[in-house]
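Reader: I've got a sequence and a model on my screen. Can you walk me through what's packed where?

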Amino acid sequence: MMKSKADEEDYWNSSKFKAFTFDDEDDEFSRLKESKQAVNSIRRLVEEDEDEDDVEKVSWSGEPVGSISWSVRETAASNQRTDREPAFPKINTDTPTLSKSSSGYSLSALFKGKTKGGNFSSFTDSLSDSSVRLYAPELRKPKSEYKDYVGDWSPEETVQRMQQGKAVSLEKFRSLQDKLLLLDHAVSAHDGNVITAVLIYLKRTLSKDVLFRELESRQTALRHFIHYLTETRDQRLLLELLRALGRTEDVALLQYKEHLSIADENKRRDFLKSCVSLPFPAEDAAHVQDHFTLLERQIIIEATDRQAERGGKVEIFHKFPRRASILNMPLVTTLYYCCFYHDTESEGTYSSPLNIRQTFKISEKQYFVTALAARAKRRAWSDVDALFTSRNWLGFTRKKSPLSFQRVVDILQKNSAPTQVLQDYVALVDDAELRIGLAQKHKCHDIVISTYRDLKDRQLLLGYRGKVERGSAEERKIDELLNNTV
């Protein structure tokens with residue numbers, strides 16, 4: 001229906017809506033209306049002019065379409081529809097008609113903070129509906145409110161947290177003063193794990209010169225750092241640290257230990273030769289020299305014996321095949337090897353046991369024990385006997401040993417010496433009680449009978465007679481002694 005100009009002016013004057021003007025009287029509402037039309041594509045609020053009052057579009061719940069609460073509810077509903085089958089919104093049958101009065105808010109009122117009834121309210125009040133609050137996002141507290149996340153701890157508190165196994169960040173300690181204070185607190189806590197953790201951080205963030213200088217005055221931390229570098233096998237940094245501290249002997253020892261990682265015997269020998277000139281103490285320098293000499297000699301002996309074994313012309317290698325290489329073996333093992341395979345060689349050869357003894361200044365007792373074990377292992381009993389035989393200046397021979405004969409008997413027994421051989425050395429034990437005990441243990445009956453005879457103890461002889469076999473030579477010998485005793 002077309003209206004006349006007068007009616008049109010009367011409509012706008014009587015309505016609460018005003019015609020569009022360039023005045024600033026309601027400029028805010030104009031901008032809001034334009035924004036609403038552009039974003040939500042809402043049609044004009046008034047399409048029909050039959051009624052003087054305008055009609056707002058409302059949703060099924062009675063909320064204005066396009067309002068904030070409507071938008072929040074629609075968003076929540078769309079999220080819920082993703083988890084279940086689509087369905088129509090529930091219609092409230094208790095509300096037969098929908099009118100403007102069922103909604104207490106308009107779009108402009110929400111942003112102006114004013115209800116239709118004239119009461120002012122905040123924007124958040126419009127979202128106070130319980131159904132809306134269910135879908136409003138719950139914001140976490142900012143991390144700045146949590147001291148644990150920020151890590152705003154003093155060095156002392158940081159150390160305490162580390163002792164408790166809590167997560168901390170050491171990156172906040174940037175100045176040298178803070179880092180050293182952190183290290184001092186770690187040392188004061190007497191916790192090795194904490195000290196090591198702080199040292200690892202300092203190793204990563206400080207220059208070597210500064211770190212070495214500060215550790216020099218902190219001996220506890222220094223020991224932990226040296227142990228850490230040793231365990232992690234950081235040889236290069238450890239050598240630099242020891243040199244910076246002026247610990248030349250430790251540097252030499254550390255370099256010497258590197259020979260353990262060299263597998264090739266010739267390269268190891270050459271490396272040991274270079275270690276001889278390192279600044280060792282006098283005693284250690286002698287050991288390094290002996291190590292080099294021993295390996296050099298082992299290489300020569302090993303090459304010679306391997307060739308002889310392959311040639312098949314040496315009888316002892318047929319009778320007792322070699323079970324292992326002599327390379328990198330200890331000195332005593334090398335001496336035993338030479339006593340076993342090269343016992344008869346002259347002193348001028350590298351493999352001679354006497355040459356080994358003289359070169360490395362082996363004591364008489366050590367040499368005697370090793371030679372005795374080697375000869376007993378070969379079951380060369382005549383060679384064993386030769387070890388004990390000595391001549392005096394009158395030409396008389398007697399058996400002499402740097403060891404006690406009790407120890408000699410033990411060595412022979414471990415190498416399965418026969419009773420007759422054991423008996424010869426049991427008889428040389430000076431103490432009668434000890435001699436009887438050894439004789440009984442190794443069943444050397446003649447030694448027991450002879451000792452009881454020397455003691456002139458008839459009761460002991462009678463008692464021992466019951467321990468020997470009936471009709472044996474030992475029983476007859478006891479009977480003979482008992483019959484001859486007055």
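**Cores, helices and cysteines**

Author: Let's start inside: the largest nonpolar core has 51 residues, and those with the most contacts in it are Leu-372, Phe-388, Val-408, Leu-412 and Tyr-425. A nonpolar core here is a set of buried Ala, Val, Leu, Ile, Met, Phe, Trp, Tyr and Cys residues joined through side-chain atoms within 4.5 Å. Buried means under 20% relative accessible area, exposed over 50%, and partly exposed in between, with a 1.4 Å probe and protein chains only. Keep in mind that this is a predicted model, where local features need pLDDT of at least 70, side-chain atom pairs count only at pLDDT 80 or more, and totals for chains, interfaces and linings use all residues. Residues are numbered from 1 along each chain as its sequence is written, and side-chain values use heavy atoms, with hydrogens and water left out.

Reader: Which helix gives the most to this core?

Author: Helices are DSSP runs of H or I with at least four residues, strands are E runs of at least two, and both are numbered from the N terminus. With seven residues in the core, the top contributor spans residues 364–377, and that is helix H19.

Reader: How many residues are in the other core?

Author: It lies apart from the largest one, and among its members are Met-162, Leu-170, Leu-202 and Tyr-228. Its residue count is 32.

Reader: Is Thr-158 buried or exposed?

Author: Thr-158 sits in helix H7, residues 155–163. Leaving out residues up to four places away in sequence, Thr-158 touches Trp-153, Val-168, Leu-170, Phe-173 and Leu-182, where a contact means heavy atoms within 4.5 Å. Its relative accessibility is 2%, so Thr-158 counts as buried.

Reader: Why are the buried residues of H8 on the same side?

Author: The buried residues of H8 are Lys-179, Leu-180, Leu-182, Leu-183, Ala-186 and Val-187. They share a side because the arc they cover around the axis, taken from the directions from the helix axis to the C-beta atoms, is only 155 degrees.

Reader: What do the buried residues of H8 pack against?

Author: H8 covers residues 176–188, and its face turned away from the buried side carries the exposed residues Gln-177 and Ser-188. The buried residues pack against H7, helix H9 (192–205), helix H10 (208–216) and helix H11 (219–231).

Reader: And in H10, what arc do the buried residues cover?

Author: The buried residues there are Leu-211, Phe-212, Glu-214 and Leu-215. They are on the same side of H10, because their arc around the axis is only 170 degrees.

Reader: Where is Thr-451, and what is its relative accessible area?

Author: Thr-451 is found in helix H24, residues 445–455. Not counting residues up to four places away in sequence, Thr-451 touches Ala-432, Arg-435 and Ile-436. Thr-451 is buried, with a relative accessible area of 3%.

Reader: How many disulfides does the count come to?

Author: A disulfide is a pair of cysteine sulfur atoms within 2.5 Å. Take Cys-338: the closest cysteine sulfur, in Cys-339, is 7.2 Å from its own, so that is too far for a bond. Cys-338 also counts as buried, at 0% relative accessibility. By this rule, the number of disulfides is zero.

Definitions and conventions:
Expected span 1.5 Å × (residues − 1).
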